[in-house]
Amino acid sequence: MDKTKILFVCLGNICRSPAAEEVMRSLVAERGLDAMFELDSAGISGYHSGELPDKRMRVHALRRGYGLTHRSRQVSAVDFPDFDLIIGMDAANLSALRGMAPSVEDARKIHAMAEYFPEGCAYDHVPDPYYEGAEGFELVLDLLEDSCRRLLDSLS
Ligand code: 4NP
């Protein structure tokens with residue numbers, strides 16, 4: 001069976017999307033489904049290309065057992081044919097992705113992470129933690145753990 005290829009996208013690819021990628025990888029491994037998925041992440045901007053995730057994100061993620069080693073890269077139109085699902089963290093990410101989709105079929109691959117939030121969730125996007133304190137990073141991880149679990153449920 002073909003692998004399901006998922007690309008997580010945020011603005012800088014140093015906080016939310018590399019965390020989403022690793023949370024998802026960990027859930028996939030927990031369920032013994034490694035052979036069925038290929039996971040990656042990228043940023044709308046290339047400001048941090050080549051960098052490891054933000055130190056604060058790495059520290060908070062590691063406390064929950066997620067080692068973040070992804071190197072930031074910018075998303076581009078050539079990613080679209082390569083992935084089955086392209087998941088944006090907030091409305092600005094989604095709008096930028098829609099603007100770069102090469103075809104209508106590719107645009108259908110774009111989804112909001114919030115589509116997988118539990119019912120009654122107080123948030124409708126994954127908030128950018130970059131200018132926030134520790135609680136912003138914890139919130140991102142809480143939202144991602146819930147939504148990645150539901151995303152995986154929806155695919156398996
Ligand atoms: P991310 O967070 O989109 O979750 O990676 C940000 C990282 C960097 C910046 C903004 C958001 N920045 O402005 O450099």
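Two strands pair if DSSP finds at least two bridges between them, strands being DSSP runs (E, at least two residues) and helices runs of H or I (at least four), numbered from the N terminus. This is a predicted model: local features need pLDDT of at least 70, side-chain atom pairs count only at pLDDT 80 or more, and totals for chains, interfaces and linings use all residues. Residues are numbered from 1 along each chain as its sequence is written, and side-chain values use heavy atoms, without hydrogens and water.

Q: Through which helix does the chain cross from β1 to β2?
A: The path is a β-α-β crossover, and a right-handed one (with the strands pointing away from the viewer, the path from the first strand over the helix to the second runs clockwise). The helix on the way covers residues 16–30 and is α1.

Q: Which residue in β3 stands opposite I6?
A: Strand β1 also runs parallel to strand β3 (residues 85–88), with four bridges joining the two. In β3, the residue facing I6 is L85.

Q: How many of the seven residues of strand β1 are buried?
A: Buried means under 20% relative accessible area, exposed over 50%, and partly exposed in between (1.4 Å probe, protein chains only). Strand β1 spans residues 4–10 and is largely enclosed by the rest of the structure, because the number of its residues that are buried is five.

Q: How many residues apart in sequence are E38 and K5?
A: These two form a salt bridge, with their closest N and O atoms 3.8 Å apart (a salt bridge is a side-chain nitrogen of Lys or Arg within 4 Å of a carboxyl oxygen of Asp or Glu). E38 is partly exposed at 37% relative accessible area, and K5 is partly exposed as well, at 23%. E38 lies in strand β2 and K5 in strand β1, so the pair ties together parts whose separation in residues is 33.

Q: What is the relative accessible area of D79?
A: D79 forms a salt bridge with R73, the closest N and O atoms being 3.0 Å apart. R73 is partly exposed, at 23%. D79, by contrast, is buried, and its relative accessible area is 6%.

Q: Are D106 and K109 buried or exposed?
A: Their side chains meet in a salt bridge, at 3.1 Å from N to O. Both D106 and K109 are buried.

Q: How many salt bridges does the count come to?
A: Some salt bridges share partners, joining R64, E138, D142 and E145 into one network. By the 4 Å rule, the count of salt bridges comes to twelve.
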